Amino acid sequence: MNLTDFAFLCFFVISLIVYYLVPRKFQWGVLLVGSIAFYIAGGHPILVLYPVVSVCIVYVCTHFMTKVRCDSSKDSVVDTDTDASAASGQGNNSSRTVSNGSGVGASRNRTILIIGIVLLLLPLLTYKYLGFLWKMIMPEAYTVSTAEASSPAWFQIVPLGLSYYTFTLISYLVDVYNGIAVPEKNLLKFMSFGMYAPALVSGPIMQYRNVSESFYSEHAFDPDMIARGSQRMLWGFFKKLVIAERLAVIVATVYDDPVTFSGRFVWLAILCFSLQLYADFSGLMDIVLGISQCLGITLPENLDTPFFSKTIAELWRRWHMTLGVWFKEYVFYPLMRTGIYARIQKSLAARMSGKKTVARRSSESTEAEQSTMTDKEAQKKAAKRAKRISTYIAMLVLWIMIGLWHGADLSFVIGCGLLQWIYIVLEETLETPFKKLWERLKVDPKNKALEALRVIRTFVLFAFSMLFFRASSMRDAVQLIGSGFISPSSEAIRSASAALGVAGGAGAGSVFGGFMTGLSEHGIHILNDASILGITYADIIIVIVSLIILLIVDILKTKCDVREAIAARPVVLRFIIWFALLFYVILLGCYGPGYNAADFIYQGF
Amino acid sequence: MKDNKPHNSIRRILPAVVFTAIFIVLLIPLSYILRRGGDTKSRFMGFYAEPKDSLDIVMIGSSPTYSCCVMPELYGEYGIKAYPLASNVQRPIAGQFLVKEAEKTQSPALYMFEMRMYVGLEVGLGGNMAYTREVTDNMKYSANRIDAINAMVTQHITTEDTDKYTYYFDIFKYHSNWGNLIDPVQLRSWRFSSPNPLKGYKITDKVGPAEAVPAPDDPVPMDLDPYEEQALLDLLETLKETDAQALFYVSPYVLKEEDAEKYAHIRDVVEAAGYDWLDMNQYYDEIGLDFSRDFSDYGVHTNAVGAQKCTVFLGEYLRGHYDLPDHRTTDDSEQASGAVTGDDPSWDAAYVLWQSEYEAAIPVIEQRIETGDFFVYE
């Protein structure tokens, strides 16, 4: 069941009614039953056991951790101030952090933590990465058909939301271990969180300590809140059904045949895919967060107008934010606290330091200045550089893991991992030289034109890296890049046009040419005809108009809460706006019989 | 303060309730406008546009219903108002629901059921969603429509439209026809009621010659497909709830022996139920049909000339067998000169229109026969 299916919408409405009819203290029960029903309706009921068992594993682990703490004579309980509890994001849990103490207790809890994490990761690693490892180790023996033939039937269906709930549960387990989250005692109540259906399917990755209060509070029926949630869902449907679905066709047309659709078509498809990805993912998040808002649950935002970012680093702070936070808190920071990292840093510092005379030229002085650095200063500088390089190394590990999370293929590792790392490292490395350059040229680095160029540059770099995300394999990605530098053959385009039923005759090789030729031959009816991009000319216009609307709203979002701003308007104007959007989606959305609605891109993780 | 709470709650809920109500009110006409245009939509809308209790006959069946009988001619020359609630390859199961639909606004003295589809197989008839949608997506929203959908959308559908909700809310199917919103013709369908200029008749000047196959004299009755058999029994059951008589008929076409055997079975069933049976394939000579000229597509549907001949035959038959009102207000001499008026201007206009189109079709048909410009299947 897809979140844009009519069946799901009916299911949601019924669930919402029941949610507000039951006594408030049992609302979490409705969430649990609804989530299980949603999971079962996904097609393979038996797979519901995966999240159920995962939740039980975590519950048992945290139960034992708590028991070990209580039993250990060396536990120490420290009452923290409210600032600390606010910083850690604890909600209705009491403001305490509980340490694991030291000695046997700490060791036991660490063991429990490791066992819990391994058990949680086992299905994820098996389903997602076993094939990848097989492909890497024995590429000649691996084919998709071989893999399918040699795997049992149950293995070929990946449990829904496997990585999302796995990460959510790992975060809970680690937070409980670190004492910044108080474990939930009621298994079923905890299960309602661990298996929360909307987030289970596609994120956001929740942190228990941040959402538990919102989750378990008793929610009074609030028409305004339901209205806001519904409005947000509608906006999500707009992005997914009107924009993403249409762009998907253009992208598929080119990606499926890069030999024919080479040159300018490739770059157009790369651009379109990034826009498709944004519309698809942000649309999905709007639907999920909108659903949650209707239920009175506040989930963390996952996107914050990322394409307005001026650097790749900033983009990834605004794109898939909960993934970034998760990897930062549970991979990057722990990695940087390991002994290996410390040793690497130390080793690098030792290599770089030494009793050297360092010539330093100040850019601000009118004459060159040479000074001999003292040992202390040299060491300090070397340590700083070593820290930076070791951070880059840790980041490399981090980004490779993020790449792997996106998919078990080299194309994901490179596109969503390695390339991002290269971008960020280059940005940081070149930051100072560029700063000096602007100073020398007497250019204000914050002037609007430069900022706009940075935004465009960032988008282009990101779009290029997403080429790998969309390609079926590394080979296809490389082929696509190569095709981008070859002009499309007129002959090939003509026969592709004929196959697609494109009107416009000789002009059909380009969108504009085809449109103008068709307009003169068929008049306004050309709008219903297919273009070379695989969608009709009317659809192209719809996509352009819709992207403009999206851009305007995203710009407004940087200045205010758009829904609240609309809510403050007179009722007639509000109705006009929401009816306009509603009928825009109903009339122009890609759904229903005859449409093969693509799953959300981030749903398959 | 306590007294204000319910008032405040109502105030907060009211905008949402009003919004939802307006949405539902707008959705229905929008759905009607967006429905696929074509002669079936026009025909059904024309039925709904007919004044209450004004029709003498409602004709139900598949495409021969509206191509073999000329409704304007039946009115102009025999004073009978007959309207076809018919669609292409109409599944027999639709019959009972269309009778109920007709009974909402009409009280016809006679129902006529064209029986060709009853000799078909459900796996073929029920497999293509178009045959179902031509009925369900041309009915007004009602409980009867929901019943029709529930009965017609079965496991036999093999095309992509397997979800019933896309039938209940056909806007899921037709939402991309937003071009209809700027088409004045389609905009008029917002109430799903608009007069049909030829009262549901579809005229064609195409020619597809065939060879008449003599109908077997006394075929041995053969059972129908179980689904079609049940559909017939359900239809007979529904008819009992009306005051109308019923005539089950087969229009002329190139008949197969197996079909004739199934018709024999149908004849036995309907006559046992007290209704009438007419197989026009027994009367080629009386009708004056020439299969080489009077059919548009090689013996399946009559063209303008063939339809005129069939209508004369039917008109005589109906006048001779049923006590139906006569809506003509002119005498025979005036009628002979073509200056016919009846008691209904819209039907008068339909008759005049048909006459002009029929006159225009005759030379075209002659030309096609002469040049061999015959029907080509798309």
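Q: In β3(B), which residue is the bridge partner of B:Met59?
A: This is a predicted model, in which local features need pLDDT of at least 70, side-chain atom pairs count only at pLDDT 80 or more, and totals for chains, interfaces and linings use all residues. Residues are numbered from 1 along each chain as its sequence is written, with chains lettered from A and ligands numbered from 1 in the order in which they are written. Strands β1 (residues 57-61) and β3 (residues 110-114) of chain B run parallel and are joined by four bridges; strands are DSSP runs of E, at least two residues, and helices runs of H or I, at least four, numbered from the N terminus. In β3(B), the partner of B:Met59 is B:Met112.

Q: Which strands are the edge strands of the open sheet in chain B?
A: Five strands lie in the order β2-β1-β3-β4-β5, with parallel pairing. Two strands pair if DSSP finds at least two bridges between them. An edge strand pairs on one side only; here these are β2 (82-86) and β5 (276-279) of chain B.

Q: At about what angle does helix α5 of chain B run to β1(B)?
A: Helix α5 (residues 94-105) lies across β1, β2 and β3 of chain B. Axes are lines fitted to C-alpha atoms, for helices over the stretch in contact, and angles run from 0 to 180 degrees between N-to-C directions. The angle to β1(B) is about 155°.

Q: How many nonpolar residues are in the contact of α14(A) with α16(A)?
A: The axes of α14 (residues 321-336) and α16 (residues 375-406) of chain A come within 10 Å and cross at roughly 145°. Contact means C-beta atoms, placed from the backbone, within 7 Å; the residues include A:Phe327 and A:Val331 of α14(A) and A:Ala394 and A:Val397 of α16(A). Ala, Val, Leu, Ile, Met, Phe, Trp, Tyr, Cys and Pro count as nonpolar, Asp, Glu, Lys and Arg as charged, and the others, Gly among them, as polar. There are no polar and no charged residues, and the nonpolar ones number ten.

Q: Which element gives the most to the side of chain A that touches chain B?
A: The contact takes 14 residues from chain A and 15 residues from chain B. On the chain A side, α11 and α24 give two or more residues. The most, five residues, come from α24(A).

Q: Which residues of α24(A) are buried?
A: Buried means 20 or more other C-beta atoms within 10 Å of the residue's own, exposed 12 or fewer, and partly exposed in between, with C-beta atoms placed from the backbone. The cover includes α11 (223-256) and α22 (537-557) of chain A together with α10 (171-174) of chain B. The buried residues are A:Val585, A:Ile586 and A:Leu588.

Definitions and conventions. Contact = placed C-beta atoms within 7 Å.
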